[in-house]
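I set out to go through this structure entry by entry, writing down what I looked up and what came back.

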Amino acid sequence: MQRLTKSLRSLPFPAGKILRTQLVVRREYSSEIPDPVELSFDSYTGENPETSPPLLTYHGLFGSKQNWRGISRALVRKVSRKVYAIDVRNHGESPHSSVHNSKAMSEDLRLFMEQRSHPNAACMGHSMGGRSMMYFARKYPELVERLIVVDISPISVPRSTGEMTEIFDAMVSLDLSPSMSMSEGRKIAREKLLKATEDETVDFIMLNLRKNPDTGAFSWACNAHVLREFLTRFDKYQSNLEELPPYTGPTTFICGTRSPYMRREQWPQIQKMFPNSEIHWLDAGHLVHFEKPQEFLTIVSEFLNRTE
């Protein structure tokens, strides 16, 4: 995490202006066929006139809109677009729902654009967010000006549902006394999660731990119970995607050479789904945008500024 923080501090942030939008949301559980939810977001604007459609970003599992803060601030210096960093449903400050899949997250994004009268937008997503953006582009191609997918394949994911179940089991079974300090609670939670997964993943998950200042109760910002329930359905993603036509708009994949989330041999099959696509490989793991922020920014800004 120190390396991550150091990398982000090296970015040229000051010119970007951030508008923080905190939604007052009710934590409600929807029906099996979900209505879209109103998503919490931060928006970023730069000095350049906004002459192109905005960029909408979706984070990965266990993440939040804060994951895109540094990239967004730097990006608005390089492109003539507004940037929205969004909390997906069941994460961050967005509402919790009893349904969690790419179909539901696509409907949330459609509502987000409709409420702001955006006829189309560039869409970027990492990992789980990348899968949602790929589904959205194929479901609503007229709404997607161009697509950026960060280190995820539409075909398969490497992490077994068994390992992920162990992680969620550790999260939902965590029982911390309200009398504990935040540091004490973090220590116990971290030790429990380390029995299920490696250090880097634990550090990322720990960003979700919250302590109520009034009651002292501990909780997870992400909806661990529902995310665990929908784990077994992640493998159905490709069959759901096959129901939709290819997305023919400009598309770029940015992947880590040391990440197992995209396999080179899958690329010919992926190009059939996204025929106007290209792929970039960076010397990084799964968190490409954190590990190689400058290279990532260059690829993204050049792609967004390209006229096609």
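The model is a predicted one, in which local features need pLDDT of at least 70 and side-chain atom pairs count only at pLDDT 80 or more, while totals for chains, interfaces and linings use all residues. Residues are numbered from 1 along each chain as its sequence is written, and side-chain values use heavy atoms, with hydrogens and water left out.

**Overall**

I looked up the secondary structure and found 12 helices and 10 strands, taken as DSSP runs numbered from the N terminus (helices are H or I with at least four residues, strands E with at least two). The protein has 308 residues, of which 54% count as buried. For contacts I used heavy atoms within 4.5 Å; among those in the protein with a separation of 6 or more, 78% are between residues 24 or more positions apart.

**Helix α12 and Leu-304**

I then turned to helix α12, which covers residues 293–305 and holds Leu-304. The buried residues of α12 include Phe-296, Ile-299, Val-300 and Phe-303. Leu-304 is buried as well, with a relative accessible area of 3%. Which residues does Leu-304 contact, leaving aside its neighbours within four places in sequence? I noted Leu-55, Leu-75, Val-79, Arg-81, Ala-122, Arg-146 and Ile-148. I also noted that the C-alpha atoms of Leu-304 and Lys-78 are separated by 9.3 Å, although the two residues are 226 apart along the chain.

**Ser-40**

Ser-40 is in the loop between β1 (17–21) and β2 (41–45), and at 0% relative accessibility it counts as buried. Its side chain makes a polar contact with the side chain of Lys-65 at 3.2 Å; the term requires a pair of N or O atoms within 3.5 Å, and within protein one must be able to donate a hydrogen and the other to accept it, with residues adjacent in sequence counting only if both atoms are side-chain atoms.

**Cysteines**

How many disulfides are there? With a cut-off of 2.5 Å between cysteine sulfur atoms, the count is 0. Cys-123 is buried at a relative accessible area of 0%, and Cys-255 is buried at 0% too.

**Salt bridges**

I counted 16 salt bridges, each a side-chain nitrogen of Lys or Arg within 4 Å of a carboxyl oxygen of Asp or Glu. In one of them, Glu-107 pairs with Lys-139, the closest N and O atoms being 3.8 Å apart. Glu-107 lies in helix α3 (residues 102–115) and Lys-139 in helix α4 (residues 128–139), so the pair ties together parts 32 residues apart in sequence. Glu-107 is buried at 19% relative accessibility, whereas Lys-139 is partly exposed at 34%.

Another salt bridge joins Glu-191 and Lys-187 at 2.8 Å, N to O; these residues are 4 apart in helix α6 (residues 182–193), which means that about one helical turn separates them. Glu-191 is partly exposed at 42%, and Lys-187 is exposed at 53%.

Definitions and conventions:
Buried < 20%, exposed > 50% of the residue type's maximum accessible area, 1.4 Å probe, protein only.
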